[in-house]
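User: I am new to this structure. Please walk me through how to read it, one feature at a time.
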Amino acid sequence: MKKVFKITAAILLAIIGLNACNAETGKKSGNIPHNSSENKKENFDMKGKKILVAYFSWSGNTKDAAQYIAKKLEADVFEIIREKEYPSEYTPCTEEAKAEKDAEKRPAIKGMVDNMVEYDIVFVCVPVWWYTAPMPVFSFLEQYDLKGKTVIPFCTAYSGPSSTLSDIVDATPKSNHKDGLCIRTHEQGGKGMDKNYSKIDKWLKEIGF
Ligand SMILES: Cc1cc2nc3c(=O)[nH]c(=O)nc-3n(C[C@H](O)[C@H](O)[C@H](O)COP(=O)(O)O)c2cc1C
């Protein structure tokens, strides 16, 4: 299973290299996932702000990161789960995810955030799946009125974010945004989120937390 993961990841990496952009912030020419005025630290008053960390995770990296962010910021957590489970084996999962992405599906997801209206800040933490977020993440984002909330994209990826961070920004046009972060797991062979917690700390500080 590990070997299959590595080989498939290596193939993905080669493809993704063609689609490269800044590996950590996801900045791509003409598609920058931030709002420059909103990003100024001094404009961001955290007092009394209610934070939600919403995440999707298939193999655990994003879950680790999301839980780390939530604990640090004393935020609530919501896991985005597709109603129909993805295959547990890597290759079938990639195939199903690709078909779903190519068809621009919005698969049904489990549960709802009943009190979304109460949150001021929503972190959206996702793995990169075929250069973007998994489709259930868009099902999630499209279910709510996120107008006026600050949406902060975060992703984990084997090699880089491609358009993932900016796609989350584009999917929440009525929200404010802050610079996102992509943690690459390539150096750790696809695992080892704990080695990246210092990067998360640095990023949170930079965006005003
Ligand atoms: C279906 C699928 C597609 C993937 N596509 C990409 C990709 O396009 N770019 C990339 O860098 N990594 C890609 N990966 C690797 C994951 O983004 C990476 O392993 C991530 O950290 C997994 O997060 P998770 O453990 O929370 O599921 C893909 C993995 C899967 C399962």
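Predicted model: local features only at pLDDT ≥ 70, side-chain atom pairs only at ≥ 80, totals over all residues.

User: How many helices and strands are in the protein chain?

Analyst: Start by counting elements, then read their order. The protein chain has six helices and six strands. Along the sequence the pattern runs α-β-α-β-α-β-α-β-α-β-β-α.

User: What is the mean pLDDT of the protein chain?

Analyst: Check confidence before detail. The mean pLDDT is 85, and 79% of the residues reach 70 or more.

User: What percentage of the residues in the protein chain is buried?

Analyst: Of the 209 residues, 36% are buried. Here is the general idea for what comes next. In soluble globular proteins, nonpolar side chains tend to be buried together.

User: Which residues touch the most other members of the largest nonpolar core?

Analyst: That core has 44 residues. The ones touching the most other members are Val-53, Ala-54, Val-122, Phe-123, Val-124, Cys-125 and Val-137. Now look at which elements contribute. Those giving two or more residues are strand 1 (51–55), helix 2 (61–73), strand 3 (121–127), helix 4 (135–141), strand 4 (150–157), helix 5 (164–170) and strand 6 (181–184). Strand 3 supplies the largest share, six residues.

User: Which residues does Val-122 touch, not counting residues up to four places away in sequence?

Analyst: Skipping those sequence neighbours, Val-122 touches Leu-52, Ala-54, Leu-146, Lys-149 and Val-151.

User: Let us turn to a helix. Why does the span of helix 2 agree with its number of residues?

Analyst: Helix 2 has 13 residues, which at 1.5 Å a residue should span 18 Å. Its end C-alpha atoms are 19 Å apart, so the two agree. Helix 3 (90–102) can be read likewise. It has 13 residues and reaches 18 Å from its first C-alpha to its last, close to the 18 Å expected.

User: Which residues of helix 2 are buried?

Analyst: They are Asn-61, Thr-62, Asp-64, Ala-65, Ala-66, Ile-69 and Ala-70. Next, ask what covers them. The cover includes strand 1, strand 2 (76–79), strand 3, strand 4, strand 6 and helix 6 (197–206).

User: Why is Asp-64 called buried?

Analyst: Count neighbouring C-beta atoms within 10 Å; the cut-off for buried is 20 or more. Asp-64 has 20 others within 10 Å, so Asp-64 is buried. Beyond residues up to four places away in sequence, Asp-64 touches Met-193 and Asp-194. Asp-64 and Tyr-197 are 133 residues apart in sequence, yet their C-alpha atoms are 9.6 Å apart.

User: Is Glu-100 buried or partly exposed?

Analyst: Glu-100 is in helix 3. With 19 other C-beta atoms within 10 Å, Glu-100 is partly exposed. Leaving out residues up to four places away, Glu-100 touches Lys-105, Pro-107 and Met-135.

User: Where does Trp-130 lie?

Analyst: Trp-130 lies in the loop between strand 3 and helix 4. Trp-130 is not a glycine, yet has a positive phi of about 50°. Trp-130 is partly exposed, with 18 other C-beta atoms within 10 Å. Tyr-131 is also found in the loop between strand 3 and helix 4. Tyr-131, not a glycine, has a positive phi of about 75°. Tyr-131 is partly exposed, with 17 other C-beta atoms within 10 Å.

User: Which residues come nearest to the ligand?

Analyst: Of the 25 residues around the ligand, Ser-57, Ser-59, Asn-61, Thr-62 and Pro-127 come nearest. Elements giving two or more residues to this shell are helix 1 (2–17), helix 2, helix 3 and strand 4. By type, the shell has twelve nonpolar residues, twelve polar and one charged.

Notes:
Residues numbered from 1 in each chain as written. Core = buried A, V, L, I, M, F, W, Y, C linked by C-beta atoms within 7 Å. Buried ≥ 20, exposed ≤ 12 C-beta atoms within 10 Å, placed from the backbone. Helix = DSSP H or I, 4+ residues; strand = E, 2+ residues; numbered from the N terminus. Contact = placed C-beta atoms within 7 Å. Near = placed C-beta within 6 Å. Nonpolar A, V, L, I, M, F, W, Y, C, P; charged D, E, K, R; others polar. pLDDT = per-residue confidence, 0-100. Expected span 1.5 Å × (residues − 1).
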